[in-house]
Amino acid sequence: MIGRLTVAAGLAGIAIVHQLQTLPGVLLPVLMGGVGAGLLVLGMRWTQRRRGCASRWLWRVGLWILVASVSAAITVHRAQQRLDQHLAPGNVDKVSRVTLRVQGLPRLQADKIHFEADILQAHPPGVPRRVLVSWSATGWRSPYAAPTPAEPPFPVVQAGQVWRMALVLRPVHAAQNIAAFDYEAHVFAQGIRALGTVRGIPEYQRDDGWQSVGIVADRARHQIRAAMAPFLQGLRYGAVLRALAIGDQDGMEDADWQVFNRTGLSHLVSISGSHITMLAGVAAWLTQWVWRRGRWRGRILAERWPARRAAACAALLFAWLYCLLAGWGVPAQRTFMMLAVVAGAQLLQLRLSGARVLALAAVVVCALDPWALLASGFWLSFAAVAVLLAVGAQLASKQGTLGSGAAPAPAGRLQRFLHGLGLAARLQWAITLALAPLLAWAFHEISLVSPLANAYAIPVIELLVTPLSLLLAAVSLVPGLAPLVTGLAQIAHGILSLMMHPTEWLAALPSWPVAAGPVGGYVLACVGAAFALWPHSLGGQGRLATCLRRLRPWAWLGLVPMMIWKPPTPVPGEWDAYALDVGQGSAVIIRTARHAFLFDAGARHARDSDEGQRTVVPVLRALGIRQLDVMVLSHADLDHAGGARSVLAAVPVQQTFSSFDLPRWHSGEARRLDAAPAVLPMAATACLFGGRWQVDDVSFEFLWPLDERLVRKGVQANAGSCVLRVRGLHHSALLTGDIEARTEAALVQRGLTPVDVVVAAHHGSRTSSSALFVDTVAARHLIVQVGRWNRHNHPASAVLQRWQAAGAEIWRTDWLGGVNVHSRANGLSLYSVLESSRRYWHGRRP
């Protein structure tokens with residue numbers, strides 16, 4: 001137990017560093033390590049002189065502090081080295097001429113290629129060593145246009161190639177919103193410190209195909225992908241078969257990911273630990289079978305070296321090769337390290353428990369990559385294995401306690417089948433409940449159908465689809481076997497398609513929504529799950545142990561606070577507003593005591609990508625909002641209405657207001673997307689002057705537009721934007737859409753009164769925020785929803801100076817992330833999502 005707690009202390013040291021806003025330097029962890037070393041030495045000397053509980057605890061605490069400090073110091077040092085690899089300010093958003101070497105497996109799309117690259121030379125200097133490159137086809141394409149192949153086609157890009165390119169480089173910048181995925185942390189963990197966009201025509205230099213083992217593995221993955229492509233083309237789930245074979249998840253549709261996530265099958269459609277273990281087990285069994293029958297110089301091989309050791313080495317070798325082929329992700333690392341520990345124990349004839357194997361694997365994974373702790377896959381994979389070990393220990397403990405006479409083995413095939421089915425169901429339920437806190441933290445929902453879906457999906461994918469996919473990948477490399485490869489692809493795809501029919505039906509069933517709550521709720525849920533699954537054999541004897549064992553069935557109640565948590569809402573007369581970071585677009589969520597509203601839905605970027613799906617819907621789930629009473633679309637520009645379709649599909653909306661013909665607009669959008677029209681609420685009304693409603697002592701009033709003809713004609717003009725004023729008992733806000741100076745003057749003439757918070761019109765364009773309007777509104781706070789490095793150069797510096805001169809505090813989403821506003825009786829408060837959750841990898845915005 002001391003060794004495992006020591007491992008936990010080391011992981012805690014790494015985790016603490018990852019929670020810091022700025023790195024403290026190595027000196028502080030070293031000083032803490034000195035304190036721990038002093039306590040360790042003092043405690044050990046006390047233990048030698050006298051035996052007592054205090055002395056034992058003293059050296060143990062000293063050991064844990066020392067280990068945590070050493071791991072923290074190493075993490076700080078490595079993180080600082082990575083931070084030093086930054087893009088020089090003079091190179092930001094400018095063209096740099098670089099020579100680079102392609103790394104990893106490029107992501108291939110019809111009109112775009114993404115790949116990681118190591119910079120070999122750069123002019124001007126000041127370019128980080130690792131960048132992510134985006135090479136797009138020339139020419140503008142509509143957000144509704146289907147991807148079309150580049151013309152001329154892209155050259156073959158694969159790992160090890162050296163190219164000379166002109167890149168427009170920018171630091172890694174991602175949206176920051178409530179409980180959202182931190183993309184900046186994700187790319188920082190991979191060592192990527194800048195994003196580059198190709199300009200002009202790159203020049204191929206040479207091929208360093210044997211530069212490293214990783215490059216060789218990635219080139220092998222590239223060759224397999226190219227060989228499989230003709231046989232998977234046109235198959236609905238061809239991308240899933242490729243993902244099962246080589247871990248390449250490009251091409252998998254968002255709808256499929258949604259089905260897998262809602263049914264808890266995401267772990268099966270990637271290279272998971274079970275796939276690697278299965279392959280390693282097959283390799284071990286074959287090696288052991290051959291080893292016991294093979295001969296060399298007249299002697300059986302098993303007499304020269306034990307077959308079990310040879311099998312362990314073969315299993316480890318095949319697992320390593322498969323992990324390289326899978327891209328060496330965190331689940332693959334965890335599985336390989338565990339297999340390495342088991343194989344090492346077998347070679348050295350050591351007896352290690354499953355818990356020690358898991359702890360040693362965690363140590364090795366985090367020693368190689370301290371940022372593995374930031375990946376949800378790390379916690380999910382290790383937790384799943386821990387649950388398997390705990391349930392197995394519980395079953396073994398029960399059998400040992402009951403004795404063979406009290407628990408006879410089931411007789412007959414039917415009884416054995418039912419007994420095994422019951423054990424599998426119990427194990428699946430245990431995994432589902434134990435992983436519920438982690439899944440709720442990451443996705444804000446818990447799948448209720450996961451045990452049922454996994455019950456049939458695990459054997460189908462593990463025993464049928466995955467082996468067929470691997471065989472398909474291997475055979476596709478052999479020339480002249482096209483009929484066989486086609487048959488394998490059809491068989492694997494047919495089995496997978498049959499499995500997906502009930503899976504899609506289960507995914508349509510409701511899941512349990514979980515709002516983003518305090519950390520304590522998730523910790524309590526994890527502790528309750530761990531206590532409920534703790535093996536009986538580790539409970540010890542005595543009254544306390546007996547009492548704890550009796551309380552074990554009730555430990556699952558620790559999940560209840562997390563599952564029923566509801567974020568605090570305003571009281572009547574108060575309101576909250578959440579100006580989301582949606583780039584160059586607009587989306588504001590407004591919440592009163594019992595109602596929720598949405599003003600604009602963000603931008604549409606492509607046919608399958610919009611801010612409604614990417615940002616608005618996840619934030620609504622995190623806030624615990626299950627329906628919208630009103631959705632207002634200020635005007636028909638795609639940066640304001642582009643995400644409406646995804647919002648309508650995900651969240652029930654009672655009524656919509658817009659300055660254009662919304663049903664006709666959605667019909668046209670569906671036609672351009674070749675999709676079914678969005679399901680509109682029964683009430684779809686124009687947002688005309690005089691329209692108002694009041695709920696929870698908060699009034700909502702439209703101040704613009706005046707002319708209903710703009711709505712009937714469906715004019716997509718900034719001048720017709722909806723302008724909404726929100727007034728509670730204590731403060732007011734004004735949402736302005738994209739109105740310009742002429743509309744602002746009309747509002748002033750009609751008696752516009754001061755407000756406390758204003759969302760800048762037209763993202764801070766110089767055509768808006770006229771001096772008369774700014775002076776009349778007299779806002780204390782100005783929120784500017786704008787994208788970093790946008791092509792319109794919003795917001796205009798003159799506009800910002802004008803608002804600042806009028807006494808307004810500026811809140812920019814491109815610098816601060818989402819901005820949250822809380823109107824309360826004791827005052828008006830605003831805070832930035834980024835500043836409230838900043839970590840050292842985010843860097844400093846201007």
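This is a predicted model: local features need pLDDT of at least 70, side-chain atom pairs count only at pLDDT 80 or more; totals for chains, interfaces and linings use all residues.
Among the contacts in the chain with a separation of 6 or more, 71% are accounted for by residues 24 or more positions apart. Here a contact means heavy atoms within 4.5 Å.

The chain contains 29 helices and 26 strands. Its radius of gyration is 30 Å, while the globule rule gives 28 Å for 846 residues; the two values are close, and the chain is therefore as compact as a globular protein of that length. Taken along the principal axes, the box filled by the C-alpha atoms is roughly 100 × 70 × 60 Å.

How much of the chain is buried? Of the 846 residues, 49% are buried, a term that stands for under 20% relative accessible area. The accessible surface of the chain amounts to about 40,200 Å². Carbon and sulfur atoms contribute 62% of that surface.

The next subject is an open sheet of eight strands. Read across the sheet, the order is E17-E16-E15-E12-E11-E10-E25-E26, and the pairing is mixed. At its edges are strand E17 (683-686) and strand E26 (827-832), each of which pairs on one side only. From one strand to the next, the twist averages 15°. Within this order, strand E10 (residues 575-579) and strand E11 (residues 588-591) run antiparallel and are joined by four bridges. The reader may locate Tyr578, which stands opposite Ile589 in E11.

A further open sheet has seven strands, in the order E18-E19-E20-E21-E22-E23-E24, again with mixed pairing. Why is one side of strand E18 and of strand E24 left without a neighbour in the sheet? Strand E18 (692-695) and strand E24 (809-812) stand at the edges and each has a single partner strand, so one side of each remains without a neighbour in the sheet. The twist in this sheet averages 15° from one strand to the next.

Inside the seven-stranded sheet, strand E19 (residues 698-704) pairs with strand E20 (residues 723-727) in the antiparallel sense, over five bridges.

Helix H27 (residues 797-805) lies across strand E22 (757-759), strand E23 (781-784) and E24. Relative to E24, helix H27 runs at about 140°.

Definitions and conventions. Residues are numbered from 1 along each chain as its sequence is written. Side-chain values use heavy atoms; hydrogens and water are left out. Two strands pair if DSSP finds at least two bridges between them. Helices (H or I, at least four residues) and strands (E, at least two) are DSSP runs, numbered from the N terminus. Axes are lines fitted to C-alpha atoms, for helices over the stretch in contact, and angles run from 0 to 180 degrees between N-to-C directions. The radius of gyration is taken over C-alpha atoms; the globule rule is 2.2 Å times the number of residues to the power 0.38. Buried means under 20% relative accessible area, exposed over 50%, partly exposed in between (1.4 Å probe, protein chains only). Accessible areas come from the Shrake-Rupley method with a 1.4 Å probe; for residues, only the protein chains shown count as cover.
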